[in-house]
Each structure stands twice: as structure tokens, then as C-alpha cells.
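Happy to walk through this one with you.

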Amino acid sequence: MSNIRLSTSAISRRSFIKSGMILTAGLPVLRPYALFGNDATVDAADPLFTAFQNPPVTAKPFVRWWWNGDKVNAKEILRELDIMKDAGIGGVEINPIAFPGGDDLAIPSLEWLSPEWIEMVKVALKGAEERGMICDIIVGSGWPFGAEFLQGDERSQLITLSSRKVQGPATVTLEVAELLKEAAPEGMSMYREAVSEIHSICLAPVQMDSFTPPAWLTTFDRDKSTVSVDVPAGEHILYAVVKVTGFQAVINGAPGAAGPVLNHYNTQSVMKFLNRMSDKLFPAIKGLKPFRAMFCDSMELEGANWCSDFIAEFKRRRAYDVTPYLPFILYRVGHMGRPIQGAEITQLSGTAKEEVERVRYDFFVTCMEIMRDRFLIPYTQWCNLHGYQSRVQTYGREFHPLEASMNIDIPECETWVWRGDSGSDSDYANNPTYTNVNKFVASAAHYAGKKTVSCEESTNTSVVFNLTLERLKMSGDMSNLSGVNHSILHGFNYSPLEAPFPGWIRYGMYLNERNLWWKYFKLWAAYKTRISLVLQETEAFADIAVMHPLADMWTKFGTQRDPFPELHYPEYQYKVWDAIHKNGNSCDYTSEAIIQQSVVENGFLKYGKRKYHTLILLEVETMEPATASALANFVKKGGKVIFVGKEPHKSSGLKNYQKNDKKVAQTIAAMKHAGSSQVFTVNAPGDDMVAWFKGVQQQCGVKPYMRIDRPNIYVSQIRQTGKGKDIFFISNRSSSERFIIKAEFPDVKGFPWLWNAETGERYRYPGGSGNTLTVDLPPAASQLIVFDTAGEGTDAPALPAETSGMEITGWNLRMEHINGTGQERQLQALTDIAAGESTRSFAGHLYYEKTLNANTASFNWLDLGKVYGVSEVVLNGEPLGCQWYGRHLYRIPEHLAKAESKNIQIKITTTLGNYFKSNPQNKTGHSWTRGQPWQPTGMLGPVKFI
């Protein structure tokens with residue numbers, strides 16, 4: 001930074017504020033396209049475009065509305081609803097949750113389902129209706145469901161074990177308390193009053209090649225503090241199978257809905273919990289506009305796997321007794337159900353290992369089925385009985401990652417903002433914000449004909465005060481690419497104005513009127529709403545189905561804690577779909593049940609409205625014989641099957657496995673022989689997933705519907721159809737690189753249009769007279785390209801090239817800090833404000849000002865270069881607009897371009913993170929930012945006329 005004073009703008013701060021008020025009074029002009037007027041030939045008979053211009057509330061983003069500690073009152077509820085409505089938020093999910101800490105202003109908590117709490121729910125419902133908003137509500141509080149009123153077997157149960165080597169001949173006496181302690185689960189949220197008991201005790205060999213049932217201790221006195229075991233000669237493993245009841249506490253439960261988690265494997269327990277809410281709350285809200293949906297957050301059951309009749313249920317479903325295998329398939333349970341390694345266990349090999357692994361598969365499948373039948377289906381039935389939809393995050397160890405979501409009215413997934421995510425290109429290329437479950441959930445919704453694919457979006461448990469609108473957009477775009485079409489933002493904290501700054505923060509992205517960029521949030525909301533509208537009102541297209549090796553993974557390693565699995569099997573499994581889309585195809589995930597229930601017509605595998613010309617299996621070795629037969633039928637009738645890395649050759653589960661293995665192997669071999677031109681085995685991918693799938697397209701004759709001249713790791717797309725249109729949403733996940741690609745659309749008909757999701761306008765695509773387009777994607781940009789029969793309209797202007805132009809240097813900088821201080825500096829060169837020790841703590845508004853006397857009549861654009869924050873530009877007193885992401889490029893009106901003297905004022909609005917990081921006195925703000933790096937801040941340029 002320099003102290004040399006240069007000529008600066010004479011525009012006063014008051015005039016800039018006045019200009020800003022003009023900008024925020026309505027939706028400002030955001031992108032260059034918006035400066036060219038509306039399409040002159042809008043077709044009023046086009047219902048999709050009419051809705052695109054004025055979307056319904058159902059397309060607007062919703063928020064998770066944390067009622068922190070249930071310390072709520074009517075006045076504040078209505079005030080916050082007003083704030084959300086004004087920001088473009090269309091609905092709320094009422095979510096009571098434990099108080100986050102800090103100054104609670106001595107406000108008492110209202111107990112869940114108390115008369116006082118119900119009155120506040122009624123206020124929220126009525127207030128939302130008056131404002132044209134929609135309400136969902138979580139059942140209970142926190143996650144998973146639970147409460148103190150649950151007793152005994154109504155609480156979650158876990159069957160686990162402890163084990164040790166013992167030497168005989170001898171009588172070994174063990175302390176029961178020690179066995180129970182060794183078997184105790186080590187989860188994240190343990191309930192203090194868990195009850196543990198010895199279920200059974202047995203001896204097994206140290207090594208086993210051929211399966212031999214363990215020797216069970218048939219009698220022992222459960223009232224004694226010790227247990228004695230007669231050990232025969234030799235070395236053995238002694239297993240104590242332990243049942244733990246009520247071991248997990250609700251995570252962040254609010255008063256009245258905290259305490260032990262319910263037993264989701266027990267229908268009576270489930271209905272007792274649900275009916276407590278419907279008996280107390282639902283009659284009280286009769287006559288008000290009802291909730292849209294009842295919400296169930298992610299399970300995270302810490303490994304719960306038991307109910308009183310599990311043995312009988314297993315035998316009924318699998319046709320054999322699981323008891324002899326329990327010591328070999330169970331394990332000590334750690335965080336979120338992860339196995340704790342290092343215990344003394346029987347070393348298995350040969351057919352013993354084969355049998356035990358198959359039983360492990362059957363055990364986990366049985367758990368999933370019981371959860372489906374005793375919780376998931378009854379939950380949806382309960383919701384529907386009372387006139388509501390079910391909205392559930394159906395994934396984790398307890399659910400089939402795809403099929404479970406088909407039992408839900410509004411299936412939901414998750415997209416995160418990661419702690420290590422700086423919004424940089426490397427982050428988004430290698431660590432996208434969508435989670436591994438998104439494609440499963442979206443695919444399930446497609447199969448089940450669900451209109452809405454909901455997403456807990458931009459989940460944020462760390463980057464609260466450093467999240468930018470640009471990162472919010474890029475995260476949301478990636479969410480849409482993964483199949484999402486509606487956002488439930490994470491989230492909005494109930495926080496009264498009296499709460500010390502920054503207020504009560506449980507989690508989230510600091511959606512709050514005291515956030516510096518809050519007044520611009522409505523710009524993102526308008527964009528997101530229109531994207532959601534188009535995706536909701538049209539059909540997601542896919543021409544490829546992808547099957548994961550779930551049976552192999554469950555057999556060898558067990559189920560995973562989605563959406564954060566400890567194992568990816570194979571390692572690349574969740575990168576394949578993205579590579580497919582980046583190469584101009586689209587896919588759904590599929591499952592064995594879906595394949596078996598599909599029909600084949602004209603070379604397509606069809607399930608309902610979904611149809612695929614190609615099926616890709618990722619290192620699948622194990623499948624049911626019926627699945628292998630379905631594959632053979634698909635190939636026989638013209639379909640294409642691609643095996644990646646491995647081929648199927650065996651069956652799943654224990655029952656009749658030798659016979660079923662032979663069926664699978666023979667069916668696949670015969671299929672390959674008969675359909676040699678339609679069955680391919682390709683190598684597993686290396687590091688370059690995009691290049692790998694391009695090679696698969698060439699090797700296997702997979703034709704993309706969108707031919708991209710140079711596929712890359714940053715640009716991806718989805719295709720939608722319906723309303724007489726073919727629609728392509730294309731997004732650039734790079735925050736710094738501009739990509740210009742040639743894209744050919746060989747199968748579409750009509751004229752290409754560009755629909756501007758920020759303004760609701762549409763234009764003829766620039767240079768788009770045929771089916772080959774030049775797609776220009778600046779950093780963080782996205783496009784909606786719509787092929788329609790309408791042919792007349794205004795052409796969209798092309799963006800300017802990144803030429804040398806005329807650089808503007810020498811700026812006066814005024815810094816208006818959020819803490820009320822200010823300073824003024826002269827800048828010879830633009831630099832990162834956070835790079836200087838004396839300015840790195842800045843948060844607030846930066847005003848870059850300059851008076852320029854130069855001939856700029858030949859320039860039509862002002863390019864600010866790299867900007868960290870939201871920018872607004874005023875030129876000679878006239879506002880040019882606002883840019884909140886990507887390339888900060890402003891169109892210069894002709895009369896201003898010709899002006900001899902130019903007073904330029906550029907306002908940059910920052911985030912709050914650096915201020916809180918530097919301010920340990922603000923305990924709330926500092927606790928969220930102290931471990932995070934300093935965030936780049938301000939306008940780095942180069943600023944140019946071009």
C-alpha cells in the first residue's frame with residue numbers, strides 16, 4: 001500500500017448510500033445480459049416460462065429454522081418470518097434444538113409439546129400463512145428421535161460383544177461388570193442411564209477354516225456379579241455377547257424431546273413416540289393452514305441393530321438361524337457405529353470365512369428390512385393419515401441407500417460446506433460439496449415418480465462467518481447437478497435482537513440481518529428459485545444406469561455410515577457419475593431390485609418413466625441370480641452392459657449359496673458369449689476420471705447427447721425434458737477459470753434460448769442458429785440453455801474477451817469497519833486487505849474511488865478483476881449494478897462511456913470472519929473462526945476498461 005495521494009472521486013458517501021438504496025429497492029441488474037431489455041416476444045401461452053418469470057413459493061428456498069433452546073416468543077417469531085420473506089425465503093422447517101450456549105437473556109425454555117410451546121407453533125403457522133410461506137416441522141427435536149418418556153425396550157438397542165483369549169483346561173471366572181464395560185459402545189452421544197446385560201457367552205476356536213458353531217454356556221446366574229466358564233484344553237476365544245438398551249441420547253435435543261433415542265426396530269415404540277406428537281399438537285392446530293411435511297433428520301443411530309424378536313425375524317426372512325454366527329459378525333461399536341478394531345477374535349479362513357461373510361450380509365439386510373417395515377413405512381403412513389407428507393433423510397447403516405427413499409413422499413439428501421473448503425478450484429475439483437448420498441436419493445425419487453428432491457443444503461458446522469454468496473451459489477449448483485431440485489438451507493437461527501452480536505448460533509451460514517451481505521441474499525434466492533422451478537417442473541433425463549457393488553461391500557466390510565462412509569468401495573465409486581455427466585451423458589444409480597423389476601423395450605431398460613440404453617456395473621462380483629438373468633435379458637434385447645474392473649460370478653447371502661453362485665456365473669458367461677458386441681469389460685479408472693469415461697465412451701460406443709469438445713474437471717451438466725423443451729443446466733465449478741467450450745446437441749430439436757435465472761428473462765442464444773453452440777462460462781457461472789420451438793426474440797449479447805484493455809491504477813480507499821472505525825488510504829497497487837497485519841481484521845464496506853480523465857469511448861465494459869466480496873459500482877453518480885459471484889463485469893452505458901471525466905466508485909462488502917478471528921473478546925464469533933485461515937478480502941483487480 002502506498003501513501004501517495006491520487007485524484008479520487010468527488011462522490012460523497014451519502015450519494016453512494018442513496019444509490020445503494022435504489023439498487024436494493026428492487027432486483028438490481030446482475031449479469032451483463034440483463035442490460036439489454038426483456039425478450040420482446042414472450043409467449044404468454046408458455047406455462048413454464050411464465051412460471052420462470054414469477055415462480056411459486058414451492059420453488060423458493062426454505063430454511064431450517066432452529067428454535068434455539070425453544071426460548072421463543074410470538075413477537076420474535078413474526079419478526080423473523082418477516083425477515084425471511086423479504087429475503088426471498090419461501091418456507092421454514094421448525095426445528096427445536098438445544099440452546100447453543102452464550103447469553104440466553106434469562107429467557108426460559110418452553111418444553112416440547114407443552115401448551116406454551118404449542119401456542120408458539122400456532123403463531124408460526126398463522127404467521128407463515130399470512131406471509132404466503134410454507135411450514136414443515138421436525139418430529140421431536142435434534143436427531144435421532146427420542147425422549148425421556150420412552151421406557152425399557154422402547155429405547156434403542158444394540159447387540160455387541162467383548163472377547164478375550166482363554167487357556168484350558170481351566171475354570172475361568174470373569175467379572176460381569178468388566179465384560180459389560182469392555183463391550184460398552186463408544187459413540188458421540190451416549191445416554192447416561194444405558195442398561196447393559198449379558199445376552200450369551202460362548203467359546204470358539206482361535207482359528208477356524210471350516211465353520212463350527214461355538215460352544216454356548218447354557219446356564220449362568222444373571223444375578224451374580226461373576227460368571228464361571230469351564231474351558232477345555234487348548235487356546236480359545238471367549239465371547240460375551242452383550243445387549244445394551246437405551247445407550248444413545250438424542251443429539252442436541254431441546255427440553256421435552258431430549259433423553260434416550262427410541263428403538264426404531266420396534267413398531268410399538270415408534271408409534272408411541274409419533275402418537276404423542278399427533279395427540280397433543282395436531283388437534284391444537286386444527287383450522288390453521290397445515291404443515292406441508294413432517295421431517296425426520298438423518299438417523300445416525302450409533303450402530304443400533306436389535307429388537308426383542310430379532311432372532312425370529314431373521315429366521316423368518318432368511319430361513320436359517322443367525323445365532324451360531326453372532327460372535328463372528330458382531331463387533332465393538334465406536335463413533336457412529338464404526339467397528340472398533342483390535343479385539344481378540346477368531347481368525348477365519350476357507351469356507352468358514354466365506355460363510356461368516358455371507359451371514360454378515362444377511363444380518364445387515366435384515367436390519368434394513370426391519371427398519372423399513374417398522375419405522376420408515378409406518379412413519380410415512382402416520383404422516384399421510386394426518387394429512388401431511390413425509391420428508392426423511394433415509395440413509396446410513398440402517399437403510400438401503402437407494403431403495404429406502406422410494407418409501408418417502410419427499411426424499412432428502414445433503415450438500416455441505418466443508419471446513420477445509422476455501423472455495424478454491426482445487427477444493428471443488430477434488431472435494432465437491434454434494435455428499436455421496438445425493439445421487440442415490442435423487443435416483444430413488446426418479447424411480448418413485450417424486451416431484452421434489454429435497455436437500456439439506458450448504459450444511460455448515462464450521463464456516464459460519466466466512467461463507468460467501470459465491471460459495472453458496474457454487475455449492476448449490478453442484479447440488480442441482482447431483483439431482484437436487486429444492487433447497488432447505490442450513491439454516492436460520494432463532495435469535496432475538498437483544499442477543500449480543502452476532503446472536504445465538506447453533507450452526508449454519510449466518511442467515512441473519514446483521515450479516516454484512518444479508519441485503520444481497522435475495523439476489524441468490526431469486527436465482528436459486530428459478531433454477532428449482534425449472535428442475536421441479538420438468539423430468540430429469542438419464543440414459544445410463546450405474547450399479548454399485550453394495551452386496552460385495554456389505555459382505556466384506558458391512559454397511560457404511562452415509563453420507564460420511566468410512567469406506568468407498570471401490571475407491572472411485574462416487575466419482576463415476578460426475579465423470580459421466582462431464583462427458584455429456586447423464587445417469588441414475590440403480591439397484592438389484594430395480595433391475596429385476598424393469599422391463600426391456602427397444603434396447604432400453606425401463607422402470608416406470610426411466611429408461612437406459614447402457615448399464616454400468618462398478619466392480620460388481622456378487623448379485624442375485626435373478627439380477628444376472630435380468631442383465632442377460634437386457635443384452636438379448638439390444639441393451640449394453642459395461643463391467644468395470646470385475647465381473648459378477650457369485651451370489652449374495654448364505655442360503656443355497658453354492659447353487660446360486662453357479663447360476664450367476666453361468667448366466668453371465670452365457671450372456672457374454674451371446675452378446676459379445678454389447679457386453680464390455682473395461683479397466684477401473686485411475687486419477688483422471690473425466691478422461692477415463694471419455695475412453696469408455698469410445699471403447700464401448702456410448703454416444704453422448706451433448707458432445708463437448710474438451711471435457712474438463714470443472715464443467716458439468718444435467719438434462720431435463722418436458723413442456724415441449726429440452727433443457728440443459730451447465731455449471732462451472734471453478735472460481736477463477738473461464739471456460740469456452742463447443743457443445744453439440746445432436747438429438748434435440750428447436751431453437752436454443754438462454755434463460756437468465758437471476759432476472760427471469762430469456763434471449764436467443766448468441767450464435768445459436770443450429771445444434772452446435774459456443775458456451776461461455778466465466779468463473780462460478782452457470783447457464784440454462786432451453787431448446788424450444790419458438791424462434792423469434794432478442795439475441796443475447798456475447799461476453800467480452802479477456803483483452804488487455806485499459807488498466808486503472810491509483811485508488812483512494814475508504815474503509816468503514818463494522819466496529820465503527822474508519823480509515824482512508826492511497827493505493828498505488830491493489831492488494832489483499834487481509835494480507836496486511838494492520839488491516840487483516842477488517843470487516844465491513846470498502847470504497848474504492850477514483851476520478852479518471854481519459855478517452856474511454858471505445859470501451860463498453862468495466863472489469864473489476866478478482867474480487868473477494870460483493871461489489872457495487874457507481875459511475876458518474878449512476879449505479880451500474882451489483883455482482884455477487886464470479887466475474888465482476890459491468891456494462892457501461894454509451895452516454896457514460898463518452899463522458900470525458902469519470903468518477904468511479906466501487907463498493908465491496910466483506911464477510912465477518914476475519915473480524916471475529918481477530919477478536920477473542922467476542923466469544924461466539926471467535927469460537928467459530930479461530931482455527932480458520934485469514935480470508936482474502938477486497939478488490940485485487942486488475943481493474944480495466946475493456
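Q: What makes both faces of β2 count as covered?
A: This is a predicted model, and in it G91, E93, N95 and I97 on one side of β2 are buried, as are V92, I94 and P96 on the other. In a regular strand the side chains alternate between the two faces of the sheet. Buried means under 20% relative accessible area.

Q: What pairs with β2, and is the pairing parallel or antiparallel?
A: Strand β1, residues 62-68, is joined to β2 by seven bridges, and the two run parallel. Two strands pair if there are at least two bridges between them. One detail to look for is R64, which stands opposite E93 in β2.

Q: Why is H490 called buried?
A: Its relative accessibility is 4%, and the cut-off for buried is under 20%. H490 therefore counts as buried.

Q: Which residues does H490 touch, not counting residues up to four places away in sequence?
A: H490 lies in strand β14, residues 486-493. Its contacts include R64 and W66, the run E456, E457, S458, T459, N460 and T461, and also Y507, G508 and M509. Contact here means heavy atoms within 4.5 Å.

Q: What is the omega of the cis peptide bond that joins H490 and G491?
A: Omega is about -5° for this cis bond. G491, like H490, is placed in strand β14. A cis bond also joins G941 and P942, with omega about 0°; P942 sits in the loop between β42 (938-941) and β43 (943-945). Most residues other than glycine have a negative phi, and most peptide bonds are trans.

Q: Why is N876 called partly exposed?
A: Its relative accessible area is 27%. Buried would need a value under 20% and exposed a value over 50%, with partly exposed in between. N876 is therefore partly exposed.

Q: What makes β24 and β30 the edge strands of their sheet?
A: The open sheet has three strands in the order β24-β27-β30, with antiparallel pairing. β24 (707-708) and β30 (772-777) each pair on one side only, and that is what puts them at the edges.

Q: How many bridges join β24 to strand β27?
A: Two bridges join β24 to β27, residues 739-744, and the strands run antiparallel. Pairing requires at least two bridges. R707 has E744 in β27 as its bridge partner.

Q: How do you know that the radius of gyration agrees with a compact globule?
A: For 946 residues, a compact globule would have a radius near 30 Å, and the protein chain has 30 Å, so the two agree. The C-alpha trace spans about 100 × 75 × 55 Å along its principal axes. Buried residues make up 62% of the 946 residues.

Note on methods. Residues numbered from 1 in each chain as written. Predicted model: local features only at pLDDT ≥ 70, side-chain atom pairs only at ≥ 80, totals over all residues. Heavy atoms only, no water. Rg over C-alpha atoms; globule rule 2.2 N^0.38 Å. Buried < 20%, exposed > 50% of the residue type's maximum accessible area, 1.4 Å probe, protein only. Helix = DSSP H or I, 4+ residues; strand = E, 2+ residues; numbered from the N terminus.
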